[in-house]
Amino acid sequence: MFRWGVLSTAKIGREHLLPAMVEAENGVLSAIASRDLSKARALAERFGARHAFGSYEELLASKEVDGVYIPLPTSQHVEWTAKAIEAGKHVLVEKPLALDAKDIAPLIKLRDAKKVLVCEAFMVIYHPQWIKVRDLIASGAIGRLRHVQGAFSYYNVDPNNMRNQLDLGGGALPDIGVYPTVSTRFSTGKEPSRVQATIERDKKFGTDVYSSIRADFGDFELSFYLSTQMAARQVMVFHGEKGFIEVFSPFNAGLYDHHRVELHNQNHTEAQVFRFPGTQQYRLEVETFARAAQGGKERVFTLEESVLNQKVIDAIFRAGGKDGWEAV
């Protein structure tokens, strides 16, 4: 069994990753660390972890941990990923891994030197609905893909939330802009060459709270908007010459809608519906990661892919300050 350690008692860990680790068929939640030992002990007791530590360093030094999950604030991801690699641990780090693509290169060098697995936690690529989208496009089910359209939004104006704190890496693009880009890249196997963007920032927080983006993939175009101050919505549509594919709850499957993909024909007279009831994408993520860390030939999200995805986000930020196209 793969022995997991978790750095911090963050909400995403409590609500999604820790339950997934407990339910996983090939792993066990071994340890939780927090700078507040009482919080670590309480969460360890809740989820049945055998060890609780009052510092992240203690957990990284533990021989009872094979790999760690890092859901710390975004601004701390690179630092603690590097420390975990140095400690010889496999690392699953919450997205976004970095706030600049160039910061990932040192982690690749460390990973190769220590011979550990390091992945950014994009759970969507493990969900069968996205594998189905990728397979439908590859099979020619919608003919030539011409346009991808997406949206991701929620409403959050809490000043204490890290997503609204610039120094912690807050903002819409780092938090949710990564999803339309990664899902499009995953589904098509293509990379954008240039982007255009309009970006609005909150006057108080300084974070980006609304963006409208256009990305040129050569054969097709991706357009999407995202916001941290709009009514909650998620959608992705892949529109081709012979039909289109709509993903109804593309990123938080089961929360915004059912796990459902619809394939429509050219005349919009027929539709095939693909459902994936009971799918737990976070469990699939941790199980796949554990198998890969133990030598399995699993398809995971590599650091090299993280570089490519972060380059798109970096280009979008640059494009937001100018008219016209910005090269990725």
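Tutor: Let us begin with the words helix and strand: both are DSSP runs numbered from the N terminus, where a helix is H or I over at least four residues and a strand is E over at least two. This is a predicted model, in which local features need pLDDT of at least 70 and side-chain atom pairs count only at pLDDT 80 or more, while totals for chains, interfaces and linings use all residues. Residues are numbered from 1 along each chain as its sequence is written, and side-chain values use heavy atoms, with hydrogens and water left out.

Student: OK, so how much of residues 131-246 is helix, and how much is strand?

Tutor: That span is 22% helix and 44% strand, and its end C-alpha atoms lie 14 Å apart. UniProt lists these residues, in an unreviewed entry, as "domain: GFO/IDH/MocA-like oxidoreductase"; such positions are given in the numbering used here, feature names are shortened, and annotations may be inferred rather than shown by experiment.

Student: And which annotation covers residues 2-119?

Tutor: The UniProt record, again an unreviewed entry, gives "domain: Gfo/Idh/MocA-like oxidoreductase N-terminal" there. Residues 2-119 are 42% helix and 22% strand, with end C-alpha atoms 16 Å apart.

Student: What is the order of the nine strands in the open sheet?

Tutor: The order is β14-β13-β12-β11-β7-β10-β9-β8-β15, and the pairing is mixed; two strands pair if DSSP finds at least two bridges between them. At the edges are β14 (271-275) and β15 (326-327), each of which pairs on one side only.

Student: How many bridges join β7 to β10?

Tutor: There are seven, and β7 and β10 (residues 221-227) run parallel, with Gly150 having Phe224 as its bridge partner in β10. Strand β9 (residues 208-216) also pairs with β10 over seven bridges, but in the antiparallel sense, and there Asp216 is partnered by Glu221. β9 and β10 form a hairpin with four residues between them, and Gly218 in the turn has a positive phi of about 85°.

Student: In what sense do β8 and β15 pair?

Tutor: Strand β8 (residues 194-201) and β15 pair in the antiparallel sense over two bridges, and Val195 has Glu326 as its partner in β15.

Student: Switching to β5: which way do its residues point?

Tutor: In strand β5 (residues 90-93), His90 and Leu92 point one way and Val91 and Val93 the other, and all are buried, where buried means under 20% relative accessible area, exposed means over 50% and partly exposed lies in between, using a 1.4 Å probe and protein chains only. In a regular strand the side chains alternate between the two faces of the sheet.

Student: Which strands does β5 pair with?

Tutor: It pairs in the parallel sense with β4 (residues 67-70) over four bridges, and three bridges join it to β6 (residues 118-120), also parallel. Leu92 of β5 is the bridge partner of Tyr69, and Leu92 also stands opposite Cys119 in β6. Between β5 and β6 comes helix α5 (residues 105-114), and the three make a right-handed β-α-β unit; right-handed means that, with the strands pointing away from the viewer, the path from the first strand over the helix to the second runs clockwise.

Student: New topic, how many aromatic pairs does the structure hold?

Tutor: It holds twelve, counting rings of Phe, Tyr and Trp (its six-membered ring) whose centres lie within 6.5 Å, with planes under 30 degrees apart called stacked, over 60 edge-to-face and the rest tilted. Trp4 and Phe289 form a tilted pair, at 5.4 Å centre to centre and 35° between the planes. Trp4 lies in strand β1 (residues 2-7) and Phe289 in helix α8 (residues 281-293), so the pair ties together parts that are 285 residues apart in sequence. Both residues are buried.

Student: And where does the charged end of Arg194 sit?

Tutor: It sits over the ring of Trp325, 4.0 Å from its centre; a charge counts this way if NZ of Lys or CZ of Arg is within 6 Å of the ring centre and within 35 degrees of the ring normal. Lys83 likewise lies over the face of Trp80, at 4.1 Å from the ring centre.

Student: Last one: is Gly169 buried or exposed?

Tutor: Gly169 counts as buried because its relative accessibility is 6%, and its place is in the loop between β7 (145-155) and α7 (172-188). Leaving aside neighbours within four places in sequence, Gly169 is in contact with Thr74, Ser75, Leu99 and Pro174, contact meaning heavy atoms within 4.5 Å.
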